[in-house]
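Reader: I have a chain on my screen and a few questions about one part of it. Can we go through them briefly?

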Amino acid sequence: MLTTDNVTLGYGNRQPVLTGVSLHLAPGQVTAVTGPSGAGKTTLLHALAGLLRPRAGTVRVQGRPLRDRDDAVARQIVLIPQDNGLAPILTAAENIQVVCSARGIAPSEAHRRTTEILDQLGLTGQASHLVEELSGGQQQRTAIARGLALRGSVLLADEITSELDADNRHRVLDLLHQQAHRGATVVFATHDPDIAAACEAELHLDQGRAELVRG
């Protein structure tokens, strides 16, 4: 269970981005986070990922407060960012295997997961290509593959279908639902109303507030 208790989020001395956010996000479902640009979708995901400390309130995982990003990583909270963050000097496959190895996954298992997830995302032919040789959409799918290969207990995804065509958007959504079906809590920020409608729950952000409008 991923929860926030009356959380207020902001940067520096500026006005809060979100105020009084209380959520109970259960394992086994995909929750879409929607709202206009600047509403705080990325800000909320960063707080859930341990990258942003709340000004007030508490983020909890399985009832225990989340301290920081190191704590989030140790508790298997995975963030797939909108900016793919791939290492350009590595191949698509190496980007995935390096992260798996850093999380303590055995090399043989890291290789198996890499091969499997690249195939599921239609990237088998690009596995040995350097990131700089990939198109924007292929880079985004590689970043998605890297996050999915970690099989976190919480999976946070920030606008990860923005560079993808319709077929690949639905392919990614199917894979997010597979993560939920194995028991992960999945939270997916999106501007796409069709993608949001295909999620079990929807959290809408607007004017500093968060409202669960479905689920």
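Reader: Is L134 buried or exposed?
Author: This is a predicted model, where local features need pLDDT of at least 70, side-chain atom pairs count only at pLDDT 80 or more, and totals for chains, interfaces and linings use all residues. Residues are numbered from 1 along each chain as its sequence is written, and side-chain values use heavy atoms, without hydrogens and water. Buried means under 20% relative accessible area, exposed over 50%, partly exposed in between (1.4 Å probe, protein chains only). L134 has a relative accessible area of 7%, so the residue is buried.

Reader: Which residues is L134 in contact with, leaving aside neighbours within four places in sequence?
Author: Contact means heavy atoms within 4.5 Å. L134 sits in the loop between α4 (107–120) and α5. Its contacts beyond four places in sequence are A92, Q126, H129, Q139 and T142.

Reader: How far apart in space are L134 and A92, C-alpha to C-alpha?
Author: In sequence, 42 residues separate the two. In space, C-alpha to C-alpha, L134 and A92 are apart by 8.6 Å.

Reader: How many residues of α5 are buried?
Author: Helices (H or I, at least four residues) and strands (E, at least two) are DSSP runs, numbered from the N terminus. Helix α5 covers residues 136–149 and includes Q138. Q138 has 17% relative accessibility, so Q138 counts as buried. Across α5, which is mostly covered, the buried count is 13 of 14 residues.

Reader: What does Q138 touch, not counting residues up to four places away in sequence?
Author: Q138 lies in α5. Beyond four places in sequence, Q138 touches L123 and Q126.
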